[in-house]
Amino acid sequence: MSDSTFEEKPIEPTSFDLIVIGTGLPESVIAAAASTAGKTVLQIDPNDFYGSHFASHRLDDLTAFLNSHANPPSTASVTTSDGDYTALELNRCSLYSHVETANYAPEILAENSRGFHIDVGGPRVLFCADKAIELVLKSGMGLYLDFKSVDGNFIWDQSSGGLCNVPDSRAAIFKDKSLSLKEKNQLMRFFKLVQQHLAASDGEDDESSRISEEDLESPFVDFLKTRLPPKIKSIILYSIAMVDYDQDNSKVCKSILKTRDGISRLALYQKSVGRFPNANGAFLYPMYGHGELSQAFCRCAAVKDCVQVLRRPVVALLMDKHSGQYKGVRLVSGQNLLSHQLVLDPTFTVPLPVASSQLNLPNESVKGDKRKVARGICITTRSLKPDISNLLLVYPPRSFFPEQDTSIRAIQLRGGTDAGGLAVCPSNMFVLYFSAICDDAEHGKRLLHAAMNALLTLPVSGNLESGSTVQSEDTELKPTLLWSMLYIQEITMGRYEHLISTPMPDGNLNYDDLLDETVSLFQKMYPDEAFFPETPSDQEDDIEGPSLED
């Protein structure tokens, strides 16, 4: 769109309580919450789609998006004065790197290109009782969203060299053929111990059933070691509590999970299993990908009179020439828009001018998290497990090589809108997402390649039905890879006194930590306002849950 087009359609009004640059999930939640609280809000995005780093794309659009953010145009920090304002030009961050794409079926994928909704920040699932679902219910966003159940939950078992079911409920424990009778009894007793502790904590059971404070403050891995064999301990840690780092190796583990927090994660999992009638497992997935979440909160904000405009790049911040306080933003068209508060998509950083001491602009404060997320996306034509459409899979630390300090997670989704399918890819295909926390790109790619090689095979001489490895008669045939993309994503978070930068997608499966940070940012701006205040319709008796497709 040309600059002249921007000039022909200036944004009205020109002054707001809050300007939000970006339509990612954190920005959209903040815009919706502020609009609900009665603030005048402008939500503006330079892209021609909603969702930013939380969007779902077609294959070609995904490639273009990642490449544009892997190599953003470099600009020097420029400060100009105009009337009452000093304009600070915004810079763009390099948030993705080492983008690697392979296409083994270009004609097939080209024919079905419009049938994909691929998440930028996958793999992600929603626990049926997590904070995202609670927010969807509280805010009324369930009206705009449909979900499907992710029923299968598997873990890589080194002893058998294959995928094993995660025994996450009483019924699953008794059906599990890989567990001995002794192991089943041990696991049942452990789950009972946890349930009694939770009941006592809620005042529903005798206080003596509580786990001691000393145990609650101890490492969860030590608590498990005294009660469960290694195999079940690994299942609890990495497939139910969803721990990232090797808890048995304190020298390399960057985050030791306490028993208190481990019990909380088990409680979330147990509350999620069977919460909604059509969801057999603990997990849900948005019907059209996770980009739908951002769009739902954008709709919520729009209903509350938030002004939303796409394809409008912001090129500079406006600072008061005399006081140095933030005053507004300048569009590429030259239009100035004013606001009391500003929220920035993590794509942008605020440059500090040479004479920054003359402005009331504090130094950028980035959280001390230098980790990265290695992400992978694969498209196949066959399920990893026969008769299972959607599943979650975890490779615990050390599954592949001694240097594997973190878990590798994967989610498989079947395409189509029939029973069990999701509208994320064509009905005859499957999408697999992989992720692993890493410190550098080389290690991250090594983790992803190890998982992909264990699960998938390359086509032979263009034959997509046959793989490059020989399968024995009693071995499950590996799905053949049609297309793959691997990339490294930065984990960043910046804060400013009057300017706030929202977080990038983190390495977790769900949004709990990200939503906690989003709520904290909202409360920093508006400490006296409720974050989506409850209404009479929010009462539990009136909640039927999100729309679940059979």
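**Aromatic rings and a helix crossing**

Author: Phe297, Phe522, Tyr526, Phe531 and Phe532 together make up one aromatic cluster. The model is predicted, with local features requiring pLDDT of at least 70 and side-chain atom pairs pLDDT 80 or more, while totals for chains, interfaces and linings use all residues. Residues are numbered from 1 along each chain as its sequence is written, and side-chain values use heavy atoms, leaving out hydrogens and water.

The structure contains 16 aromatic pairs (ring centres of Phe, Tyr or Trp, the last by its six-membered ring, within 6.5 Å; planes under 30 degrees apart are stacked, over 60 edge-to-face, the rest tilted). One of them joins phenylalanine 49 and phenylalanine 65, which are edge-to-face because their centres lie 5.9 Å apart and their planes stand at 75 degrees. Phenylalanine 49 sits in the loop between strands E2 and E3, whereas phenylalanine 65 belongs to helix H3, 16 residues away (helices are DSSP runs of H or I with at least four residues, strands runs of E with at least two, numbered from the N terminus). Phenylalanine 65 counts as buried at 5% relative accessibility (buried is under 20% relative accessible area, exposed over 50%, partly exposed in between, with a 1.4 Å probe and protein chains only).

Another edge-to-face pair is formed by tyrosine 269 and phenylalanine 283, with 5.6 Å between centres and 90 degrees between planes. Tyrosine 269 is in helix H11 and phenylalanine 283 in strand E13, so this pair ties together parts 14 residues apart in sequence. Tyrosine 269 is buried, at 1% relative accessibility, and phenylalanine 283 is likewise buried at 1%.

The axes of H10 (residues 230-240) and H11 (residues 259-272) come within 10 Å and cross at roughly 75 degrees (axes are lines fitted to C-alpha atoms, for helices over the stretch in contact, with angles from 0 to 180 degrees between N-to-C directions). H10 is therefore roughly perpendicular to H11 (65 to 115 degrees; under 35 is roughly parallel, over 145 roughly antiparallel, the rest oblique). From H10, Ile236, Ser239 and Ile240 make the contact, and from H11, Arg265, Leu266 and Tyr269 (contact means heavy atoms within 4.5 Å).

Nine of the eleven residues of H10 are buried, including Ile232, Lys233 and Tyr238. The buried residues of H10 pack against strands E11 and E21 and against helices H7, H9 and H11. After H10 comes methionine 242, with a positive phi near 55 degrees.
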